[in-house]
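Trainee: I have a structure open and would like to talk it through with you. Shall we start with its strands?

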Amino acid sequence: MNGLELEELRTGQGGFSVGPVSLAIPSGTATVLLGPSGAGKTTLLRAIAGFLPLQHGEVLVDERPVGAAPPEARRFGFVPPNLGLFPQRRVRDNVRYPLELRGDPEADSKTDRWLARFGLEPLARAFPHTLSSGQRQRVAMARALAAEPRVLLWDEPLSALDVESRDSLIRLLRDLIESEAVPLLLVTHDPTTAFALASRVVVLEGGRIRADRTPEELARGPLDRFLARFLGYENLYTSAELAGARTHPLGALLADRGGAGGLAIPPDAIAWQPGPAGPHEARVAALRWTAAGWVVALRHGPLVLHSRVPGAVPGVRVGDTVTLHVDPHRLRPLENPTGEAAP
Amino acid sequence: MDRSSFAGRALSVVLSASLLGLFVLPLVALVFFAGPGGLAFGFENAGFRTALEFTLLTSAIAVGIGVVTGVPLGYLLARYRFPGKGLVQSIVSLPVVVPHLVVGIALLLLFAPTNPVGTYTASLGLPIFNGIWGVVLVMVYVGAAYVVLTSEIAFRAVDPEVLEAARSLGANPSEAFATVTLPAAARGIATGALLMWARGISEVGGFLILAASVYPSLPWAGPVTQPASVWIYGYWQINPGDAAGASAVLVLVALLIFLGVRFFDRTGLGWLRGGGIT
C-alpha cells in the first residue's frame, strides 16, 4: 500500500506506554487521531516521527520500514503542537529552510509557490511572533509541505483557531493532501475537526485504540459510553437509569430504545413547547447559556434531558412546565460499557 | 493615576536615579580630578597606550578561549542530565565568588616557574608567570563563568519543539544545532562574552600576583608592559592626576566597545542569526 502503516507499534515515555497500535493511512487521505488529554496521541505521533524509540512493531512508508531511521531521514512533515517556527527567521526563511538544507537549486521559486499557496506573500518578511495564530499555523504547514514530505504528522494544528480560520484551513488541507498525494495523520481532541477532515477517525484512550472507524460509522454506528461522551453527547443514560424511568411514558419509550450500555441522545434531538400537554410533560430544572445557545435542562420523572435552544432567549423559566418531543431516529443505543461500569 | 500609584512610581524613580547616580558620579569625579592635563596624558602617554593595547589583545584572546570552552559547557548543562551536574554548576560559579587576589595566588602556586606545571607550560612557549598567557589565564578564570552561565540560560530557552521541527524538516543534529539552536542562543552568548570581556579588563588582583609586569613572548611582540588596570594602579602612587586621566580613557574605551556591541546587535547580529533582533 502507498502511504503510512503502523504495525503493532508500541512506544512509551516516562512510564506511560502506548500501543499496540496498527493503522494504515493510504496516500491522499487523512486519518485523525482523536482522544482526550493524556490518551497518548502526542506520544504516538512523536514515536512515528522518530523522536521516541519504538519498543515493538514497525513504521512503514510505501511498504518500506523506517522505524530505525533518525527523524531527518524519514522525510515526515512533523508539526508539533506549538508549531516549532524558528523565531529568528522571517516567514519566508522559515518556509525556505528545508529547501536550503538540501541545497535545492529551485529553493526560491518553490518558496514563492508555497507562500502563494497559503496566502503568505504579504507576510513573507514578518517574524513569527508578529503573526496571528492562524497565520502561524499556515506558515508551519507551508514549511512542512516545502520539505516535500512522504507523510504529514500534525499535532493539534488547528487547536488555537477561531471557527472561520479553522474551516478555511481544513478546506485547504483537504485539497493539499489530495494534490500532494501524501497521507496525513492529524492529532486533535476536537471531534469537529476530526469529522470535517478525516476519512478515518481513530479514537485513543489510555494509550490504546478505542475505535477505528470512518466518520460516517462514528456518526451512525454503534457507540459506547466513552465514545458518546467524547463525541459531545450530553444526554447519556445507563440501562439502570432507563429502567427506573419506565414508570413515565417517555421514559418507557427511551428504555425500549436503549442498548446494553444505555442510551445517548443528542441535545438537538430533543424539542419542547411551553405548557403541559399530556404524558410527555417535563419541568424546566435549569437554564445554561453557551456559545451555541441556551441549554435547557428538563426533568421528566427521574431523567434529566438537556435540550439546546438556538437564539438569545430561552422562552421559559426554571419551574415552567413544557411538553417534550424526542426524535426517535436520533436516539443512539449504547453498547456494553467498557472501562466504565454502569451503576 | 491615583495617589498610591503616583507615590510608588516616584519612589522607584528616586531609587533608580540614586543607583544611576552612584554609577555615574564617581566617573564625573574622575574626569574633573584628571582635568585637561590628565586627560591629555591618558590619550598621549606611550606607556599607557601600550598597556591599553596589550589589555585589549589579551582580553580578546581570553574571550575567544572563554567562548570556545564555555559555550559547549553551557550547552551540556542546559541540555543534559548527568551525575555530578550540581557539582559542575557550583564549580562554574566558584570564580565569581572567590576574591581575585586569591585567584592570583592559587594560579601562581600552580604555574610558578619553579614547579613542574609552570616549567612545562613555559617549555610549550606559554609563559604564565609575568607572561601574556598569565594575564589571559587570569581573565579566563575570572570571566569565563559569565559565558557559561549566560549560554546555559540561552540554550535552556530554546524551545525543544523548534529543534524537533528542524530535525523533521531534514536537519541532522549538527545542522539543527548550527542553524537553529546556536542562532537562537546567539544573543545570550554575546552577552556572556561582553560581560567576560568587561570582567577581564577590570581585573586587578589576579594580575598583581601572577603577571604584574609582562615580558614579550608570542603573541605579544611589544615592549615590557602591564595590564592597563595594573599600570593605572602603579601610576596612582606617582601622579594621581595622570592616573585619573588614564582611568578616564580606559572607561571611555570600554564605553565605546559596549556601544559598538549594542550597535552590532541591532544591525549585524540580526543578519548573523538569520533574522533581526527586535
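Mentor: Happy to. In chain A, β15(A) and β16(A) pair in the antiparallel sense over seven bridges; helices (H or I, at least four residues) and strands (E, at least two) are DSSP runs numbered from the N terminus, and two strands pair if DSSP finds at least two bridges between them. This is a predicted model: local features need pLDDT of at least 70, side-chain atom pairs count only at pLDDT 80 or more, and totals for chains, interfaces and linings use all residues. Residues are numbered from 1 along each chain as its sequence is written, while chains are lettered from A and ligands numbered from 1 in the order in which they are written.

Trainee: Which residue is the bridge partner of Ala297(A) in β16(A)?

Mentor: Stay with the pair β15(A) and β16(A), which form a hairpin with two residues between them. In the turn, Gly301(A) has a positive phi of about 60 degrees, and His300(A) stands opposite Leu303(A) of β16(A). Further along, the partner of Ala297(A) is His306(A).

Trainee: And which residue stands opposite Ala297(A) in the pairing of β14(A) with β15(A)?

Mentor: Strand β14 (residues 281–290) of chain A is joined to β15(A) by seven bridges, and the two run antiparallel. They also form a hairpin with two residues between them. The residue opposite Ala297(A) is Ala286(A).

Trainee: Which strands stand at the edges of this sheet?

Mentor: Five strands of chain A form an open, antiparallel sheet in the order β13-β17-β14-β15-β16. Two of them have a single partner strand each, so one side of each is left without a neighbour in the sheet. The edge strands are β13 (270–274) and β16 of chain A.

Trainee: By how many degrees are neighbouring strands of this sheet turned against each other on average?

Mentor: Axes here are lines fitted to C-alpha atoms, for helices over the stretch in contact, and angles run from 0 to 180 degrees between N-to-C directions. For this average, direction is ignored. Neighbouring strands are turned by 40 degrees.

Trainee: Which residues of helix α11 (residues 249–257) of chain A are buried?

Mentor: A residue is buried if 20 or more other C-beta atoms lie within 10 Å of its own, exposed if 12 or fewer, and partly exposed in between, with C-beta atoms placed from the backbone. The buried residues of α11(A) pack against β11 (235–237), α10 (239–244), β12 (262–265), β15 (293–300) and β16 (303–309) of chain A; a contact means C-beta atoms, placed from the backbone, within 7 Å. They are Gly251(A), Leu254(A) and Ala255(A).

Trainee: Why do the buried residues of α11(A) line one face of the helix?

Mentor: An α-helix has 3.6 residues a turn, so residues three or four places apart point the same way. The arc is that of the directions from the helix axis to the C-beta atoms. Seen down the axis of α11(A), the buried residues line one face because they fall within an arc of 100 degrees.

Trainee: Let's turn to the other sheet. Which residue in β4(A) is the bridge partner of Glu7(A)?

Mentor: Four strands of chain A form an open, antiparallel sheet in the order β2-β1-β4-β5. Strand β1 (residues 3–13) is joined to strand β4 (residues 56–61) of chain A by five bridges. The partner of Glu7(A) is Glu58(A).

Trainee: Is Glu8(A) buried or exposed?

Mentor: Glu8(A) lies in strand β1 of chain A. Its phi is near 45 degrees, a positive value in a residue other than glycine. With 12 other C-beta atoms within 10 Å, Glu8(A) is exposed.

Trainee: How many residues does chain B bring to its contact with chain A, and which helix gives the largest share?

Mentor: Chain A puts 23 residues into the contact, and chain B puts in 19 residues. On the side of chain B, α7 (160–168) and α8 (173–201) each supply at least two residues. The largest share, six residues, comes from α7(B).

Notes. Contact = placed C-beta atoms within 7 Å.
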